[in-house]
Amino acid sequence: MSRALTDLLATDVQSRGVRLPRANQERLSRRGGAGPSDHQAMVIDGQTVMVPVYSHQVLESPYTLRESVAGDELLKDGIPLVEIELVNQPNFYRLKTADGVPYQQIATLHSTDVLATTVLQTCIRYQSRRKACKFCSIGQSLAAERTIERKTPQQLAEVTKAAVELDGVKHMVMTTGTPPTSDRGARILCESVAAVKEAVDIPIQVQCEPPKDLNWLTRLREAGADSLGMHIEVITPELRQRLMPGKAEITVDDYIAAFAYAVPVFGHAQVSTYLLAGLGDSESVMLATCGQLIALGVYPFVVPFVPIRGTPMEDHPAPTPEFMAPLLEQVGAMLQAAGMHSGQVKAGCAKCGACTSLNRFEGDTPPLAAKAGAPATSGLESNGGCLP
């Protein structure tokens, strides 16, 4: 299969999902929660793709998986397309912390080599129907006892060290629900990053909402965070008010101001933001925002919205491949023109890239020296989002 066809296939399966035989389901690496929920990591043509396998839309998908002697095959309408590989559960899932908590309740494997954790599994917005993001499920995995509410720095350090040593994990995503404090989670992220960095040398992306005092972003960098994610998710003000009424209190302009502060601290392409395609923002709005972000040195991580069961938006349709492919192609061209590439990112979602096929449209990785960005502050080297 040619590279162009593989790129289109990756975009298509991320929009439509894959129906799995029941026998395959015990092999899945995660189910429910937030982040790339109800997804399974699949390796297609050497690249890992997070594919929906549980959401309602999958019932109508033309894609299925078939086991054979040679391995797993991806089929469309019953016709074999390509051999794929399912990413199995990692070795560190078999262990428990010194205080008896299963490692899988502390952090989970995303893609093939990314460790992800939500340090605080509660959010002031989620607890209110009036303020909660309509697509968020941060409380589901907690209610199902698949995780714990607060991961301590010691637990995170222990689990991360094991994941690196046993499973070759190469970088980490550390996010948090938003607490009722003005730092919006930055404080507990600072404590957690410092503890992990003391235990093991691993690049870490932290994710939180812009704190009221932007100096917290410098403190995160000083604690050892390598990259930063602050996630706009939805752009149009009316959509933000309707879909994420609590988080909409932090405007897109507030995010832009936080990005302008953060890029000199973390460096060019080391600050990123999620943009969810398919929730109502038009292509023109998304492209204009991506252009503004790229000009600031922020990587716009454009991903297809995937509805999560149990949320008010569980029946909202995912964006079609016909919408996603040209959008990603144009954003990829903008990244190329600016000399920005996911391969430059030190840690996190943009570096992983498995939740979108955007990186397939970026072209070759440009030299890091071509876009060094502004010098870091304080003598440092040159929602947030939600994951269970």
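The residues of helix 5 that are buried are W216, L217, T218, L220, R221 and A223, buried being under 20% relative accessible area, exposed over 50% and partly exposed in between, with a 1.4 Å probe and protein chains only. Just after helix 5 comes G224, which takes a positive phi of about 125°.

Helices (H or I, at least four residues) and strands (E, at least two) are DSSP runs, numbered from the N terminus. Residues are numbered from 1 along each chain as its sequence is written, and side-chain values use heavy atoms, with hydrogens and water left out. Because this is a predicted model, local features need pLDDT of at least 70 and side-chain atom pairs count only at pLDDT 80 or more, while totals for chains, interfaces and linings use all residues.

## Helix 7 and its partner

Helix 7 has 15 residues and reaches 20 Å from its first C-alpha to its last, which is close to the expected 21 Å, a span given by 1.5 Å times one less than the number of residues. Its buried residues are V252, Y255, I256, A258, F259, A262, V263, V265 and F266, and what covers them includes helix 5, strand 10, helix 6 (237-243), strand 11 (271-277), helix 8 (283-296) and strand 12 (298-304). After helix 7 comes G267, with a positive phi near 110°.

Helix 7 and helix 8 pack with their axes 10 Å apart and at an angle of about 25°; axes are lines fitted to C-alpha atoms, for helices over the stretch in contact, and angles run from 0 to 180 degrees between N-to-C directions. The two helices are therefore roughly parallel to each other, a term for angles under 35 degrees, whereas those over 145 count as roughly antiparallel, 65 to 115 as roughly perpendicular and the rest as oblique. I256, F259, A260 and V263 of helix 7 make this contact with Q292, L293 and L296 of helix 8.

## Strand 8 between its neighbours

In strand 8 (residues 171-175), 5 of the 5 residues are buried, with H171, V173 and T175 on one side and M172 and M174 on the other. Strand 8 pairs in the parallel sense with strand 7 (residues 114-118) over 5 bridges, pairing requiring at least two bridges found by DSSP, and V173 is the bridge partner of A116. Strand 9 (residues 204-207) also runs parallel to strand 8, joined by 4 bridges, and there T175 stands opposite Q207.

Technical notes. Contact = heavy atoms within 4.5 Å.
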